[in-house]
Amino acid sequence: MRVEFQNLSKQYESGRNILKPMDFADDVHTLAVIGPSGGGKSTLLRIIGGLIAPTTGKLWVNSEEIEQNESSLQQYRKKIGFVFQQGGLFRHMNAHDNIAIPLEQVHGFSRTEASSRAMELLERFGLKDDWKKKPAALSGGQQQRVAIARAIAAKPGLLLLDEPTSALDPEYTTEVLDVIQELKEDGLHFIIVTHEMGFARHACDKAAFLCGGSLMEYGESAQLFGQPETEQLQRFLGKLLEWNL
């Protein structure tokens, strides 16, 4: 999945630059976006996902320019799967309907096709017996697995995950990361914003380090973690490792 952008930036009405102008071009398979809080990671992911518009710059995905008008963005979003920090599930719907109804209403599946696809994914992610449960009756890890199932149900070209484990206990974090690893093994392309450095280093082919709204480093994950070039990345990784056993 080819992702390119030129002079991409985002400035809030207050005048604060959350993303400074940046350029990028590469084939994305599994990419981890890391960096300190407030560095622009989630903003960049939302721009790539067509959820917010950049202040400046252009974006291309698979050589197709993403036009920043609502009609074009609606069609583009259908090709992208998105998983938020808290899952973003519809609280009044059960697990099955959270997956099936978007397939019907957004992607044009028949009711039978949508239900079959929903049950297929729920079974795959160990949730077959929980299909009638609403989000409040599911654990955090189960909710995120439903959210991932919904995001991949229409077989998107690219999956975007915005800190999908940030609100989870360690055991549930492992559940979710195992699912993402399984999707990688299936060949699904994804970009994940994460603070799980072990996952970023060992499960993602490439990593990007954002700090202060700038893309400070980018490259092979092993290289980025093993031989960080900038003082900012060295300091960031050093802080994370300070309390590791």
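Does D26 count as buried or exposed, and at what relative accessibility? In this predicted model, local features were considered at pLDDT of at least 70 and side-chain atom pairs only at pLDDT 80 or more, whereas totals for chains, interfaces and linings use all residues. Residues are numbered from 1 along each chain as its sequence is written, and side-chain values use heavy atoms, with hydrogens and water left out.

D26 counts as buried because its relative accessibility is 16%; buried denotes under 20% relative accessible area, exposed over 50% and partly exposed the range in between, with a 1.4 Å probe and protein chains only. The residue D26 belongs to strand β2 (residues 17-27), where strands (E, at least two residues) and helices (H or I, at least four residues) are DSSP runs numbered from the N terminus. The side chains of D26 and Y218 are joined by a polar contact of 2.5 Å. Such a contact is a pair of N or O atoms within 3.5 Å; within protein, one must be able to donate a hydrogen and the other to accept it, and residues adjacent in sequence count only if both atoms are side-chain atoms. When residues up to four places away in sequence are not counted, D26 touches M1, R2, V3, K206 and Y218, contact being defined as heavy atoms within 4.5 Å.

An open sheet of mixed pairing is formed by 6 strands in the order β6-β7-β8-β3-β9-β10, two strands being paired if DSSP finds at least two bridges between them. Strands β6 (80-83) and β10 (214-220) each have a single partner strand and stand at the edges, so one side of each is left without a neighbour in the sheet. On average, neighbouring strands of this sheet are turned by 15° against each other, direction ignored; axes are lines fitted to C-alpha atoms, for helices over the stretch in contact, and angles run from 0 to 180 degrees between N-to-C directions.

Within the sheet, β3 (residues 30-34) has 5 of its 5 residues buried. One side of β3 carries T30, A32 and I34 and the other L31 and V33, and both faces are covered. Strand β3 runs parallel to β8 (residues 190-193), to which 4 bridges join it, and T30 stands opposite F190 in β8. A further 4 bridges join β3 to β9 (residues 206-211), also in parallel; here L31 stands opposite K206 and A32 opposite A207.

Two helices lie against these strands. Helix α5 lies across β6 and β7 (158-162), at about 170° to β6. Helix α6 (residues 170-185) packs on the sheet and touches β3, β7 and β8, its direction making about 155° with that of β8.

The largest nonpolar core has 46 residues, and those with the most contacts inside it are I34, I148, L159 and I180. A nonpolar core is a set of buried Ala, Val, Leu, Ile, Met, Phe, Trp, Tyr and Cys residues joined through side-chain atoms within 4.5 Å. Helix α5 (residues 140-152) gives the most to this core, with 6 residues. A second, separate core of 27 residues includes I48, I80, V193 and L210.

T230 is located in the loop between α8 (221-226) and α9 (231-241). At 17% relative accessibility, T230 counts as buried. Leaving aside neighbours within four places in sequence, T230 is in contact with F209, M216 and E217.
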